[in-house]
Every structure is written in structure tokens, then in C-alpha cells.
Amino acid sequence: MKNFLLLGLTIALLGVQEIKAQEHRFDPPWNTPPESALNFTVPGIDNIPDLYGDIENPQLTVFFAGNQFMVVDDLLASFKKEYPQYKRIFVETLPPGILAKQIKGGSITIGNLRITHKPDIYTASKRAINEMADYFSHTQVYCYNNICLMVPKGNPANISTLNDLGNDKVRISMPNPQWEGIGEQIKASYRKAGGEQLVKKIMEDKVKDGSTYLTKIHHRESPMRVLYGQADAAPVWASEVVYQKLIGHPVEGIIIPDAQNTTATYVAAKLKNASHAQAADDFLKFINSATAMDIYKKYGFTVD
């Protein structure tokens, strides 16, 4: 009897461990962590997927529009190969609206960590850069992106159009327009597809009843909500579907017709008070190189 109880307890514990492991099977970080003497990443607890590289005395600091997290590994490796003098680079890939507040305020706190680094380079949508034009000494366009719908593999909710998102039973993970530029562009697409009625349905009525979830950091949350069965569809950048499929996650993309879609133009800007002016100039030169363009194309961006 005692052995039976022990066996039952062991099976139960293994079951709990399996459930907990499954709960985090799609968790970030999705990028390759830097080499270190100790890697202490604990899914769901100690995990900072949108801060990269060397936070101590960096030789270059870049604040990337958050949805470009997937290019960081390849982009920084290629940049360091071409410019080997830059060994310590610090990058953030938080939502652009959050990065803008960090630039204006001079600091950000995540958990117990306070960061006061000023970026040398800030990349965001053309609109976002124009709104902060006084902060920059140089700007340049470097890539483009379109919107699509991310759904679980097999598309169990049978989503095929933007109008399907107005269905009361469809759960949506929607980028919050307060800090995500894509949010306003998606609303514009809703308007093109179904007028103000569809915008109100998704952004007001369904928010109130909980079937539209407004994200805090959509380029991490939306894929995870789809992957963990918390959302039936998520409007995202096309590059995000490409990336999730590249790393083997079970998602599909639903194409939005050109007449209802929006193209984002991404701009890289050098801060007037850049602490590492030469490094910033070198990075701006690199980001428009054929090498960098090929990396962006690999992850679903367009460059011309």
C-alpha cells in the first residue's frame, strides 16, 4: 500500500512538472542568449527578452522598434564582423511608444532594474520619428512591413477576413494604440474593411466584454496568446508570422488584401546627444548595406 501511494505521488508530481513545462514551452527569450559564465534564465520568472547584449559600458546603444527583435542576433553579429572595434553593444526592443517615453524621461525601470542608458540610435515608424524630430540629427528609411493576421495552426476559428474579428466568439489579441504604432494602423484597416461599426465593435464593445485583449507589449504577447490558446487571432506585422514559423511554432498567417492593408515605413534616427557618435554613424551606414537588407528580408520585411 505504501509503495502504491509513493508511486501515485511520483506520477502526480511528474504530471505537475509536465504541465508546468508545457505552460512555458513557447516562452521567450526566442533569441540566442549571449555567452556567459552563468545563464540564469527562468521561464515565467527571471526572463528579460527585450534587453540584449552588454549593459555595462556599451560602445553603442540602439533602441529598436520592438517588432524587430528577431533580426537582432543576425544583425549584431554581422555588424560586429564588419566593425570589429565594437564589442559591447546594448539593445532594447520594447514597444516604440515605451522607448519614446524612456528617451524623453531619461530612464526606465523593469522589475528591480533601473536603466539610464541613452540611445545613440532609435528606430521606429516614420510617424513616430517625425513626432520626435527635434531629438535627432539624422534620419534614414531602411525597411518596410505590412499587417497580417496570426492564427493557431489549422485556424480552428476559421478566420479569413478582418470582418470575422467582429464575431462575438472570436478572441483577439490587439496591440494597444497607446504605445504601439501598429495599433492605429490596424484600426485604419478595420475602418477600411467594415467602417466605424467594425472599429467600435472590436475596440470598444469587445474590449468591454473581454474578447478583445489590449496588449502591453504585442510583439511578445500576441504570439504567446495565440500559441497558448488564449486568442483565436492577432493582427501583427507579417514579419512576426514569418519568424514564429521559422522557429517552429505552430502558427499560420492570414493575408489582408492590399486595399485594407497598411505599409509601415521604418526609420533609423541618430540622437543629437548620442554618446557614441562615430559608432552611431557606422551603424547607420551598415543598416542600409546589402548584408543588413538581406537579414531583414530573411525575417519577412521588405526593403524596396
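View A. Cover here goes by contact, meaning heavy atoms within 4.5 Å. Helices (H or I, at least four residues) and strands (E, at least two) are DSSP runs, numbered from the N terminus. Helix 8 itself spans residues 277–287, and its buried residues are Ala 279, Ala 280, Asp 282, Phe 283, Leu 284, Phe 286 and Ile 287. Buried is under 20% relative accessible area, exposed is over 50%, and partly exposed is in between (1.4 Å probe, protein chains only). Keep in mind that this is a predicted model: local features need pLDDT of at least 70, side-chain atom pairs count only at pLDDT 80 or more, and totals for chains, interfaces and linings use all residues. Residues are numbered from 1 along each chain as its sequence is written, and side-chain values use heavy atoms, with hydrogens and water left out.

**View B. Two nonpolar cores.** A nonpolar core is a set of buried Ala, Val, Leu, Ile, Met, Phe, Trp, Tyr and Cys residues joined through side-chain atoms within 4.5 Å. The largest one has 59 residues, and Phe 64, Leu 75, Tyr 142, Leu 165, Tyr 190, Phe 283 and Tyr 296 have the most contacts inside it. A second, separate core of 20 residues includes Phe 90, Leu 94, Ile 217 and Val 267.

**View C. Gln 185 up close.** Gln 185 sits in helix 5 (residues 181–209). Its relative accessibility is 18%, so Gln 185 counts as buried. Neighbours within four places in sequence aside, Gln 185 is in contact with Ile 147, Trp 237, Thr 262, Thr 263 and Ala 264.

**View D. Aromatic rings meeting.** Rings of Phe, Tyr and Trp (its six-membered ring) pair if their centres lie within 6.5 Å; planes under 30 degrees apart count as stacked, over 60 as edge-to-face and the rest as tilted. That rule gives 16 aromatic pairs. Phe 64 and Phe 283 have ring centres 6.1 Å apart and planes at 70 degrees, so they pair edge-to-face. This pair links distant parts of the chain, 219 residues apart: Phe 64 is in the loop between strand 2 and helix 2, and Phe 283 is in helix 8. Ring pairs also join Phe 64, Phe 79, Tyr 83, Tyr 86, Phe 283 and Phe 286 into a cluster.
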